[in-house]
Amino acid sequence: MSASFLPPALRRWLHSFVPAPVTVRWSERVRSAVGALVGILFTGTMMKLVPGAPTLIPLLVAPMGASAVLLFAVPASPLAQPWSIVGGNLVAATVGVTFALLVDDPVIASALAISAAIGGMFALRCVHPPSGAVALTAVIGGPAVHALGYRFVAEPILIQSALLLVGALVYHAATGHRYPHAQRLPAAERPPTAAGFTRADIVAALRRQSELLDIDPEDIEAVLREMQLQAYTRTFQALTCADIMTRPVVTVTANTSIPRALQLLRQHGFKALPVVDERQRVVGIVTRTDLLGLAPADLRQTLRRWFSIGALTPPRVADHMKTRVQTIPASASMSDLVPMFASAGHHHIPVLDADGRLAGIVTESDLVGGLYRQANIEPHPTQTAQRA
């Protein structure tokens, strides 16, 4: 049945109940669910080793399930950080036990405990939603919880919070996921985004909001930068890597001597040389930094050893090249290069033909030249790509 007969204001209000699309990949959803399984299983198993469990203290309290959702499903949330779970649960447990002892009416005690817990968590910067359930459990948890008194704060709340946190730290590290989500660099060291936003601007804007937004300023900044990058790459889809790459490419083999490689780098003014096999397949890349990064004394000593022992071959490129090389197909869009240069830190990307052989090389200079071409501004015909 159509809802067109409803007033527009009512339709907009009802539409606000529709859940937003879930953008999380299925692999991340599975990883979160498995993480909660591991975390709760680890916490409950370790609690069996605590003296008095489960006769005197519960093996698991219900709020830990809610904490597990935050720690494993939304670990980037400020509400899921280590101090939030430990500090929030301790504050709520202490407040809950206090009001359970002071107020006889459980309804009034529960309301006061949750209200005071929220105030305390804000004051100590450890807001953690499941902690509200901790405060409620301390009030209406029954005779077993009441018998613990303030021991409830340490056993089971502190112990279980710490165990669940340890499980989250280990699991996220083991699965290659960043946790905790603390800022990586001071705000002063971060350059502004392309639109001119700085992290200080984001923090100031968040402070002007009338309610707590469950997102870290660093994550907002990262999303803004990704949005700018996505919008930027969307504007140039026509050119391919084959259109902007430099060719032919000066290459070396794994058996090329270091003196010869240095000579080629200096002769052509390049900063990198792809290393290919006899079928022109890329097996590595060697840069000027790789070779000149050798201490002069070490290089002289290596050459002296070579001449002194009468070896048939000098030190080879194979000894110093990088074997893990980021490559790209010649048919790939120029836009695919942007994240490689902007985020991955690459400076020279070999381009492969349909048979996987080296067809050319793309550098930052090539990319800039491609941007000019895409904007119908022809660059100077002389390419200096490998010198970038």
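Modeller: The residues that line the second largest pocket divide into five nonpolar, five polar and four charged. Here Ala, Val, Leu, Ile, Met, Phe, Trp, Tyr, Cys and Pro count as nonpolar, Asp, Glu, Lys and Arg as charged, and the others, Gly among them, as polar. The model is predicted: local features need pLDDT of at least 70 and side-chain atom pairs pLDDT 80 or more, while totals for chains, interfaces and linings use all residues. Residues are numbered from 1 along each chain as its sequence is written, and side-chain values use heavy atoms, with hydrogens and water left out.

The lining of this pocket has 14 residues, and V24, E28, A73, P75 and H177 lie nearest its centre. Helix α2 (residues 26–47) gives the largest share of the lining, four residues. The volume of the pocket is about 420 Å³. (A pocket is an open set of points on a 1 Å grid over the protein atoms alone where a 1.4 Å probe fits, with protein on both sides within 12 Å along at least five of seven lines; lining residues have an atom within 4 Å of a point. A volume is the space filled by probe spheres set on the points, which are joined across faces, edges and corners. Helices, H or I with at least four residues, and strands, E with at least two, are DSSP runs numbered from the N terminus.)

Next, the helices. Helix α4 (residues 82–102) and helix α8 (residues 151–174) have axes that come within 10 Å and cross at roughly 165°. The two helices are therefore roughly antiparallel to each other (angles over 145 degrees count as such), and their crossing is right-handed. Helix α8 also contains P156, and the peptide bond that joins E155 to P156 is cis, with omega about 20°. R125, in the loop between α5 (106–123) and α6 (130–140), has a positive phi of about 55° although it is not a glycine.

Now the strands. (Two strands pair if DSSP finds at least two bridges between them.) Strands β1 (residues 272–276) and β2 (residues 282–287) run antiparallel and are joined by five bridges, with V276 partnered by V282. They form a hairpin with five residues between them, and Q280 in the turn has a positive phi of about 65°. Three further strands form an open sheet of mixed pairing, in the order β3-β4-β5. Each of β3 (328–329) and β5 (358–363) stands at an edge with a single partner strand, so one side of each is left without a neighbour in the sheet. Strand β4 (residues 348–352) runs antiparallel to β5, with five bridges joining them, and P350 stands opposite I361 in β5.

Notes
Axes fitted to C-alpha atoms, helices over the stretch in contact; angles between N-to-C directions. Parallel < 35°, antiparallel > 145°, perpendicular 65-115°, else oblique. Left-handed = near helix turned anticlockwise from the far one by under 90°.
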